[in-house]
Amino acid sequence: MADSVAVEDPKFTLQEVLDTFKSCLSENKEVFLEHYVAGWLGLVRFMNSLGSVFSFIAKDAVNKIQILINHLNGENGAHYVTVQSMVKYELDNQLVDLTKRGSFPESGCRTLLRLHRALRWLELFLERLRTSTEESKTSVMCSEAYNESLSQHHAWIIRKAAGTAFWALPGRATFFDVMNVGTPEQVVAMLGDALPLISEVYQVTEDLYAQNNILDLP
């Protein structure tokens with residue numbers, strides 16, 4: 001694992017995200033934090049490839065990724081191998097702000113929760129892209145996905161900025177080009193392979209957080 005998030009990242013490819021999320025889950029359905037972070041680095045490259053439209057989410061994601069990298073490389077890194085071990089370690093040692101933000105604003109649990117919510121938005125958006133037609137509007141698809149996921153966790157001013165940004169999204173063809181897979185049919189096929197993997201990682205994390213009553217960390 002790198003010590004920090006690279007400023008100049010390689011070009012995004014959808015294959016990279018597919019391969020990373022394939023590696024995320026252990027046989028026991030534990031989520032390897034290092035692969036989760038690597039998957040998110042790929043998603044950030046995807047967002048950055050589309051210009052400044054997603055910058056309000058991409059920049060925040062980079063900050064969150066860096067916090068998790070710091071945990072992985074820190075003196076307690078052995079407790080951060082999986083999301084499951086991280087949750088247990090931080091809860092057992094009272095390293096999480098459960099009711100109000102205070103002593104542990106950069107806890108792994110809180111940090112990953114923010115990425116987890118954004119992952120749901122991207123999953124919903126990419127699924128809409130997968131099933132879209134040439135006439136489908138990316139602005140509408142992205143807004144719908146956002147309203148079903150991230151918007152409920154954002155302040156009004158951020159929701160307003162997001163809504164405005166989405167209207168500037170490029171068309172479906174540009175999104176498919178950015179994925180660097182091939183023809184539209186090949187993009188759709190690879191999304192069909194990648195999205196169930198992303199969805200499973202999301203659901204395993206969602207269930208873990210629900211079981212530990214930490215889905216609403218401040």
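Tutor: Let's take the labels in turn, setting values against definitions.

Tutor: This is a predicted model, in which local features need pLDDT of at least 70, side-chain atom pairs count only at pLDDT 80 or more, and totals for chains, interfaces and linings use all residues. Residues are numbered from 1 along each chain as its sequence is written, and side-chain values use heavy atoms, with hydrogens and water left out.

Student: Okay, what makes something a helix here, and how is helix 1 placed against helix 2?

Tutor: Helices are DSSP runs of H or I with at least four residues, numbered from the N terminus. Helix 1 covers residues 14-22 and helix 2 covers residues 33-49; they pack at an angle of about 165°, with their axes 8 Å apart. The axes are lines fitted to C-alpha atoms over the stretch in contact, and angles run from 0 to 180 degrees between N-to-C directions.

Student: Which hand does the crossing of helix 1 and helix 2 have?

Tutor: Helix 1 passes helix 2 in a left-handed crossing. Left-handed means the near helix is turned anticlockwise from the far one by less than a right angle, and clockwise would be right-handed.

Student: Which residues meet between helix 1 and helix 2?

Tutor: From helix 1 you have Glu16, Val17, Thr20 and Phe21, and they meet His35, Ala38, Gly39, Gly42, Leu43 and Arg45 in helix 2. Contact means heavy atoms within 4.5 Å. The contact residues split into 4 nonpolar, 4 polar and 2 charged.

Student: Why is helix 2 called oblique to helix 5?

Tutor: Helix 2 and helix 5 pack at an angle of about 55°, with their axes 12 Å apart. That makes helix 2 oblique to helix 5. Their crossing is left-handed. Among the residues making the contact are Trp40 and Phe46 of helix 2, and Leu115, His116 and Trp121 of helix 5. The contact of helix 2 with helix 5 divides into 13 nonpolar, 1 polar and no charged residues.

Student: How do you know whether His116 is buried or exposed?

Tutor: His116, in helix 5, has a relative accessibility of 2%, so it counts as buried. The cut-offs are under 20% relative accessible area for buried, over 50% for exposed, and partly exposed in between (1.4 Å probe, protein chains only). Setting aside residues up to four places away in sequence, His116 touches Tyr36, Tyr202, Thr205 and Glu206.

Student: And what is His35 called at 30% relative accessibility?

Tutor: At 30%, His35 counts as partly exposed. His35 is in helix 2, and beyond its neighbours within four places in sequence it is in contact with Thr20, Ser23 and Cys24.

Student: What about Asn180 and Asn213: how exposed is each?

Tutor: Asn180 is at 38% relative accessibility, so it counts as partly exposed. Asn213 has a relative accessible area of 69%, so Asn213 is exposed. Asn180 sits in the loop between helix 8 (172-178) and helix 9, while Asn213 is in the segment after helix 9. Asn180 has a positive phi of about 55° although it is not a glycine, and Asn213 also has a positive phi of about 55° without being a glycine.

Student: Why do the buried residues of helix 7 count as lining one face?

Tutor: In helix 7 (residues 156-166), the buried residues are Ala162, Ala165 and Phe166. Seen down the axis, they fall within an arc of 95°, so they line one face of the helix. The arc is that of the directions from the helix axis to the C-beta atoms. Turned away from that buried side are the exposed residues Trp156, Ile157, Lys160 and Thr164. The cover over the buried residues of helix 7 includes helix 3 (55-73), helix 5 (108-130) and helix 6 (138-147).

Student: What makes helix 6 and helix 7 roughly antiparallel?

Tutor: Their axes come within 9 Å and cross at roughly 160°. Helix 6 and helix 7 are therefore roughly antiparallel to each other. Helix 6 passes helix 7 in a right-handed crossing.

Definitions and conventions. Helix = DSSP H or I, 4+ residues; strand = E, 2+ residues; numbered from the N terminus. Nonpolar A, V, L, I, M, F, W, Y, C, P; charged D, E, K, R; others polar. Parallel < 35°, antiparallel > 145°, perpendicular 65-115°, else oblique.
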